[in-house]
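Subject: A structure for you to explore

Hi there,

Here is the structure I promised to pass on to you.

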Amino acid sequence: LQKGRAVSRHAGAGQQRFNVRGEHLNAWCVIPGSPFAGDLVLLPNGPEDPPPAVRFAHLDVAEIDAVSALFVSASNPQHANRLSVRMAVETPRGEVLAQQRLELDCDQRAPLTLRFPAGRTPLRLALEVAFAHFEGGPVFGSVRMRYLAAYADNELMRLFNAAGSDKGSEVYWGEGVPHLYALAYEPLLEPLRNEQFDLLEIGLDTASQHTGAPTDAPSLRAWREFFPHARLHGYDINDFGFLGMPDARTFQGDQSDPDDLSRFLEAHDNPAFRIIIDDGSHVPAHQQTSLAHLFEHLTPGGLYLIEDISWQPFEQSPTTGEVLRGFLEHGRIESPFIAAPQARRLEETIDSVSIHRPNDSEVAVIRKRST
Ligand SMILES: C[S@@+](CC[C@H](N)C(=O)[O-])C[C@H]1O[C@@H](n2cnc3c(N)ncnc32)[C@H](O)[C@@H]1O
């Protein structure tokens with residue numbers, strides 16, 4: 001475990017696998033590492049029989065004090081039973097440090113997080129699936145664990161989870177996984193908690209990308225709690241005028257349009273931001289246009305965070321990760337979306353760039369020079 005990085009198992013986790021030992025398994029259970037590839041799937045035994053149970057190999061990382069998992073109850077074939085998932089963290093002798101139950105109807109999905117005291121290593125995770133309500137067969141239903149992460153918890157993680165942002169350990173979109181960015185952010189941002197400053201976030205609501213109409217701004221709500229004295233500014237292509245959050249203003253604009261960005265700065269009285277977070281479209285061209293335009297509006301020593309810097313959805317342009325790695329190697333900002341004078345200005349005013357990968361996705365932390 002590197003500091004600030006989760007131990008996780010999911011489709012994007014490359015070669016990482018956990019070894020698992022099962023008891024009371026039936027023929028339909030799927031165990032990773034067995035001849036069956038894929039996620040772990042447990043199908044309950046009959047209501048009178050002991051439930052299928054698995055124990056994961058020991059994890060020996062002293063800092064770990066939380067585990068989050070995502071469970072999906074299969075939608076096909078349909079059934080009327082309610083399944084119960086019990087997840088526990090145990091010592092090797094079977095002492096339970098934390099446990100919780102989750103009930104799932106057919107076609108439901110939900111996260112489960114366990115917190116426990118750090119330093120009781122080695123630890124193991126135990127899981128079993130039974131019926132919470134048995135309506136009958138012949139189809140019983142099954143539960144798939146599609147994601148598991150063990151990590152050192154922090155308050156920002158809990159705020160992101162509670163608000164419904166995928167910067168935490170529980171919320172994810174589509175076939176993705178939670179990003180756990182809080183592991184990288186908390187050590188950077190904690191020292192600023194009680195200070196008064198301006199914070200800008202670009203991109204406010206993932207749900208709106210699926211429903212079309214925004215309904216909430218989860219990460220802004222987490223920032224509101226984490227930084228009680230900060231003035232918050234939200235920027236999004238959609239209208240968040242409905243938000244009504246104390247000391248928070250939103251602006252509707254396109255982050256790839258320098259005119260929109262200028263109108264925003266003017267409308268918000270040209271603030272100097274201590275923190276800017278780009279969680280907007282994630283398109284490299286947009287990220288680089290926003291960086292070129294907004295970096296000079298950071299305070300000296302300010303932080304510019306860009307989430308998901310290695311995604312390349314549309315065009316053959318350098319990713320923001322490539323541009324920033326180029327800067328780390330040669331001290332030059334080279335991007336087709338950043339004009340030469342702006343690039344030279346960035347080179348002169350960037351103090352440091354660090355790239356973090358707490359889980360599945362990279363985030364860049366760019367610090368501005370303090371003089
Ligand atoms: C990943 S979501 C933001 C999630 C939010 N920050 C959170 O943590 O819960 C991306 C947001 O970016 C907005 N967006 C997409 N393209 C944009 C663009 N070109 N300019 C500004 N915002 C954009 C979407 O409307 C959406 O609200």
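The secondary structure of this protein comes to eight helices and 17 strands. Please keep in mind that the model is a predicted one.

Let's begin with the overall form. Taken along the principal axes, the C-alpha atoms fill a box of roughly 70 × 40 × 40 Å. The radius of gyration is 23 Å, which agrees with the value near 21 Å that a compact globule of 371 residues would have. Of those 371 residues, 54% count as buried. The accessible surface comes to about 16,600 Å², and 48% of that belongs to carbon and sulfur atoms. Among contacts between residues at least 6 apart in sequence, 68% join residues at least 24 apart.

In what order do its seven strands run? The order is β13-β12-β11-β14-β15-β17-β16, in an open sheet with mixed pairing. At the edges stand β13 (248–252) and β16 (350–356); each has a single partner strand, so one side of each is left without a neighbour in the sheet. On average, neighbouring strands here are turned by 15° against each other, if direction is ignored.

Strand β16 pairs with β17 (residues 363–368) in the antiparallel sense, over six bridges. For an example, look at Ser 352: its bridge partner in β17 is Arg 367.

Two helices to look at next are α4 and α6. Helix α4 (residues 218–226) packs on the sheet, where it touches β11 (198–202), β12 (231–236) and β14 (273–278). The direction of α4 makes about 170° with that of β12. Helix α6 (residues 284–294) lies across β11, β14, β15 (298–307) and β17, and runs at about 175° to β15.

Finally, a word on the cysteines. How many disulfides are there? The count comes to zero. A disulfide needs two cysteine sulfur atoms within 2.5 Å. The sulfur of Cys 29 has its closest cysteine sulfur in Cys 106, 17 Å away, and that is too far for a bond. Cys 106 is likewise in no disulfide.

Enjoy exploring, and write back with any questions!

Best wishes

Key: Residues numbered from 1 in each chain as written. Predicted model: local features only at pLDDT ≥ 70, side-chain atom pairs only at ≥ 80, totals over all residues. Heavy atoms only, no water. Pairing = 2+ DSSP bridges. Helix = DSSP H or I, 4+ residues; strand = E, 2+ residues; numbered from the N terminus. Axes fitted to C-alpha atoms, helices over the stretch in contact; angles between N-to-C directions. Contact = heavy atoms within 4.5 Å. Rg over C-alpha atoms; globule rule 2.2 N^0.38 Å. Buried < 20%, exposed > 50% of the residue type's maximum accessible area, 1.4 Å probe, protein only. Areas by Shrake-Rupley, 256 points an atom, 1.4 Å probe, with all protein chains shown as cover.
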